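Let us read a structure together. Have a look at it first.

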Amino acid sequence: MTLNFDYQTVFRVLNEHSVRYLLIGGLNYFLRHKPVTTQDIDVLVDTTGDNLTRCEGALSALHAEWGRVDAEWTLTSQKPAGWLSGQAVFCLLTPQAPLDVFLSVPGIPSFAKADANSVNIATNDGIQVRCLSTEDLLACQLALPENMRRLDRVRHLLELRTNG
Amino acid sequence: MGDFEAFQKQVELEEAKRNRFLSDLQRRQWADELLQQMVHSEEYQRKCTPEARRAEEAILNRVVDEYFKGDSFDRG
């Protein structure tokens, strides 16, 4: 796959397909809080209604690749409808960025509730991105075993919560 | 295996599988590109002094370099 890194395109296409998603993980922290290196884009998607079907459409439009095993690694557009199910996370490759699609994550028991608390930001090109709230970002960190938490982030997020 | 351990194991297996289709060079390019987009973003330019930006960029470059030596990297 030839890569042409452009994380903004990923959000533009998700938005165009009306996918209900929330940006989580390092890129959320990067865009909203502090610069950190991160190796991919992490999104949590709503699994209700036809959202996963819309998400599959968006991933096809992005020319995403994925396979349940190496031998099945191919464009997702070549997979049968409904492939985006049956496991909690899918680590895909798109020409724009490595993309992790989560159907669930520890610390976020309800997409609807997290969505209600989420915040909207705009990228440099004005593309709207739905982001997990600071409170829920903190909940994700606290759901990790202590030795896996990013203490700098936890401290910073706790400060934000304390100071409003 | 607990729920979290099962989840974490799946994340690791998925990442490892994807990385077999993504070269180290491509991973490096992604990290570099993200860094460049960050340091040139309007919000970041507004928040930081030029000195702070240069210092931050140096730190981030070092973090990326360390990752590609097989050391720490923010997997977040």
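This is a predicted model: local features need pLDDT of at least 70, side-chain atom pairs count only at pLDDT 80 or more; totals for chains, interfaces and linings use all residues.

Residues are numbered from 1 along each chain as its sequence is written, while chains are lettered from A and ligands numbered from 1 in the order in which they are written.

Q: Which pattern does chain B follow along the sequence?
A: Helices (H or I, at least four residues) and strands (E, at least two) are DSSP runs, numbered from the N terminus. Chain B has four helices and zero strands. Read along the sequence, the pattern is α-α-α-α.

Q: In chain B, where is confidence highest?
A: Confidence here is pLDDT, the predictor's score for each residue, from 0 to 100. Chain B averages 72. The lowest mean, 62, belongs to helix α3 (residues 42–47) of chain B. The highest, 90, belongs to helix α1 (residues 3–19) of chain B.

Q: Why does Asp32(B) count as partly exposed?
A: Asp32(B) sits in helix α2 (residues 24–39) of chain B. A residue is buried if 20 or more other C-beta atoms, placed from the backbone, lie within 10 Å of its own, exposed if 12 or fewer, and partly exposed in between. Asp32(B) counts as partly exposed because its C-beta neighbours inside 10 Å number 15.

Q: What separates the C-alpha atoms of Asp32(B) and Glu5(B)?
A: Along the chain, Asp32(B) and Glu5(B) are 27 residues apart. Their C-alpha atoms are separated by 31 Å.
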